[in-house]
Amino acid sequence: MSTRFSRRVLFGGAIAAASAVVLAGCGVGEETADVALSNEEVTLRFSWWGSDSRHELTNQLIDAFEKENPKIKVKGEFSDWVGYWDRMATTFAANDAPDIVQMDELYLRTYADRNSLLDLGKTTEFLNTDGFSDVSLAAGQAGGTQYALPIGNGSLSVVANKTVLDELKIDLPDDKTWTWDDYAKISAEISEKSGGKVVGSGIVGSEASLISIYARQQGGSLFDDNGKVTLKPEQLTPLWQMNKDMAGKGMPSAEATAEQMSAPLNQTWLVLGKQAFNFNYNTQITSLQAAAPDQEFVLLQMPQSAGSDQTGFYYKPSMYWAISARTEHPAEAAKFLDFLANSETAAKIQGTDRGIPANEDSLAAIRPDLDPSSELAAKFNDQVKDLVQDPPALTPAGASDINAMIQRQAQEVLFDRATPEEASTKFIEELTAAVDAAAS
Amino acid sequence: MVSEFRALRKAPGGSGQKGRVNSRDGRAAAVFLAPWVVGLVVITAGPMLMSLYLSFTDYNLLSNANFTGLENIQRMLDDDRLVKSLTVTMVYVFVSTPIQLAVALGLAVVLDRGLRGLALYRSIFYLPSLLGSSVAVAILWKRVFGVDGLFNQFLALFGIDGPGWISSPSTALSTLILLHVWTFGAPMVIFLAGLRQIPREFYEAAAVDGASKRQQFRRITLPLLSPIIFFNLVLGIIGAFQSFTQAFIVSDGRGGPSDSTLFFTLYLYQQGFQNFNMGYASALAWLLLIIIAAFTAINFWVSKYWVFYDN
């Protein structure tokens, strides 16, 4: 009897011990190490998401940096978008985060607010930011602290398939003046004229930045600087009403639209020549053009709201560089970041793969060698320069999943399960609940 | 399993010698048990206890966990998507499992008739079970049932203009149920083994008495096979509750269109890894455990009324 009892005690103790280990594993770690270069060889871990071509270019960046800095080795880790954020979440939670990470606006505050990113202000000795405008830098700040450095600047645009429009003998619309009503009318005309072979538009309002622009045109915004949701249903409903009115007439059927939401680039109707307009960042024209060499794409400005003097346009960083707050080598990490952000060598290797460089010197260095579609994208940034307004508040923690929430409710409308009013009210409720849950 | 366990307990010594365990045997047993105990503690029990603790916290992966008492349970009570995901999962489990078992049993009976090339058929039918929960097949499935997919191209031959099966909320779940049914091979193989255990004499005797094939199936095969059916049913239901890969791939981790394929496990993953609500996700995991345990208990209780043990 006694042996059995003591064994049980032992067993319980073992479990307690094991869970204590696990418990210890997930606390917040120690303070950031001193920002000074080490005398010994240092290995940095660097992670990014992207396509195969980006992986190749980034490996070239690493090689070039290592050649200039023989004492610093950089180990690259990469994956696709979805896998990337799973890995980020688990490696940061496990105290095993890479030293330098590629960051997105959707997640910047999620990580920054929880002290997971290094204050880049502490690394100014190694990291120069002179090439960046104040507006650009501001887009990487949360609560006045520079947590991330923008890599590229983009602006949301309408990508138009000119080949398709030419075939249908429809002129390019005047995008300086066009309104959302014009947009809907022209889209319907395209569908009609082609006899259903081509549709005018893809889904409207299936993504946060478009909704943000539209809300700004109505004098509203998605979030405020305190990370509260400020969107009003009436600032979103008209967009989803367009989807409802245009499904099958000017847009693909509801099912095809739902499918297009998750289609890979080379299967999108725009690339296949079955759709005339789509909302994309201007910088995406390069990959769209590469996927459809026999189509000609051009960039148009976003439609405006009739009677509003707000364009709502803004430059959005394509992505950011950031350093983990728990890196053991902040100085070396900053040095590598400095290379990525400022070096002309890096700019030339990278081209526009991560967007039109936010660093103005880098852009000037590569501008003469831009391929035609990248030049179109760069020109578009120049074209809207006087129309862009201050960037909107960063996406707060808890709202990283905002695009999934938007698409879910947009689909409810498409499939007639909710009216546009109901869906936008529901979306705002859900978003507010998610943000509040993360803030508590 | 259970009987083995009993045998082990009865084995040497039994109740009479409790106090005098041979110390050398005891040590040997401890050594042999060690890998299992270590595995249990480190890989299963430790994380489970951890997740039980986390389910009462607001752990967000990046900051320290704060104890929040029953807040996560409170949150479950007015979580519409939780209700939605439970509904989707229940439909999936209780539609796909019976159909899958019926198909498996039917084919097992046919194959048991002594078909030539049985081994080959068995392997072919078993193949989907190996592939069914793989990423590759889920991707294939997405293509086959897409708007321009193989299935619609097939329907087009007959002039039918099929919808986007996976992109329409009214049919998306059915395609996943079909995918699950398609993996009938594993229960089928178990049924086949069970059918082999039924003595042929029963059938011969029944045939002599003039019983039809259908009567033989109902009066001999089903009762004698009922423990196997029960076994497959329990495992099938537990497995179906935990399905994840198919819905994750087919809907790109979203559970769409319009939450129609939002499996419970998928929702749990979204909360934990996409929304950083790991505390809430842990609570959801425990809810799933409780639900599965409850259904398994019901299953065992009901089994008293229909499962026939021949001893």
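Me: Read along the sequence, what pattern does chain B follow?
Reply: Chain B reads α-α-α-α-α-α-α-α-α-α-α-α-α-α, with 14 helices and 0 strands. Here helices (H or I, at least four residues) and strands (E, at least two) are DSSP runs, numbered from the N terminus. Please keep in mind that this is a predicted model, where local features need pLDDT of at least 70, side-chain atom pairs count only at pLDDT 80 or more, and totals for chains, interfaces and linings use all residues. Residues are numbered from 1 along each chain as its sequence is written, while chains are lettered from A and ligands numbered from 1 in the order in which they are written.

Me: What box do the C-alpha atoms of chain B fill?
Reply: Along the principal axes, the box is roughly 80 × 70 × 35 Å.

Me: How should I read a helix pair, and at what angle do α4(B) and α9(B) cross?
Reply: Two packed helices are described by the angle between their axes and the distance between the axes. Axes are lines fitted to C-alpha atoms, for helices over the stretch in contact, and angles run from 0 to 180 degrees between N-to-C directions. In chain B, α4 (residues 80-112) and α9 (residues 185-197) cross at roughly 45 degrees, and their axes come within 8 Å. That makes α4(B) oblique to α9(B); angles under 35 degrees count as roughly parallel, over 145 as roughly antiparallel, 65 to 115 as roughly perpendicular and the rest as oblique. The crossing of α4(B) and α9(B) is right-handed (a crossing is left-handed if the near helix is turned anticlockwise from the far one by less than a right angle, and right-handed if clockwise).

Me: Which residues make that contact between α4(B) and α9(B)?
Reply: Among them are L101(B), A104(B), L105(B) and A108(B) of α4(B), with M188(B), F191(B), L192(B) and L195(B) of α9(B). Two residues are in contact if their C-beta atoms, placed from the backbone, lie within 7 Å. By class, this contact has 12 nonpolar residues, 1 polar and 1 charged. For these classes, Ala, Val, Leu, Ile, Met, Phe, Trp, Tyr, Cys and Pro count as nonpolar, Asp, Glu, Lys and Arg as charged, and the others, Gly among them, as polar.

Me: At what angle do α11(B) and α14(B) cross?
Reply: Helix α11 (residues 213-241) of chain B and helix α14 (residues 278-303) of chain B cross at roughly 165 degrees, with axes that come within 10 Å. That makes α11(B) roughly antiparallel to α14(B), and their crossing is right-handed. The contact includes F230(B), L233(B) and I237(B) of α11(B), and L288(B), I292(B) and F295(B) of α14(B). Its residues divide into 9 nonpolar, 3 polar and no charged.

Me: And chain A: which way do β1(A) and β2(A) run?
Reply: Two strands pair if DSSP finds at least two bridges between them. Strand β1 (residues 42-49) of chain A and strand β2 (residues 72-79) of chain A run parallel and are joined by 8 bridges. Look for L44(A), whose bridge partner in β2(A) is V74(A). From β1(A) the chain passes through helix α2 (residues 52-68) of chain A to β2(A), a right-handed β-α-β crossover. A crossover is right-handed if, with the strands pointing away from the viewer, the path from the first strand over the helix to the second runs clockwise.

Me: What is the strand order in the open sheet of 4 strands?
Reply: The order is β9-β10-β8-β11 (chain A), and the pairing is mixed. β9 (199-201) and β11 (297-300) of chain A stand at the edges, each with a single partner strand, so one side of each has no neighbour in the sheet. From one strand to the next, the twist averages 30 degrees. β9(A) pairs with β10 (residues 275-281) of chain A in the parallel sense over 2 bridges, and S201(A) has F277(A) as its bridge partner in β10(A). Helix α7 (residues 180-193) of chain A lies across β9 and β10 of chain A, at about 165 degrees to β9(A).

Me: Finally, how many residues does each chain give to the contact between chains A and B?
Reply: Chain B gives 34 residues and chain A gives 37 residues. On the side of chain B that touches chain A, α2(B) supplies the largest share, 7 residues. That side has 15 nonpolar, 14 polar and 5 charged residues.
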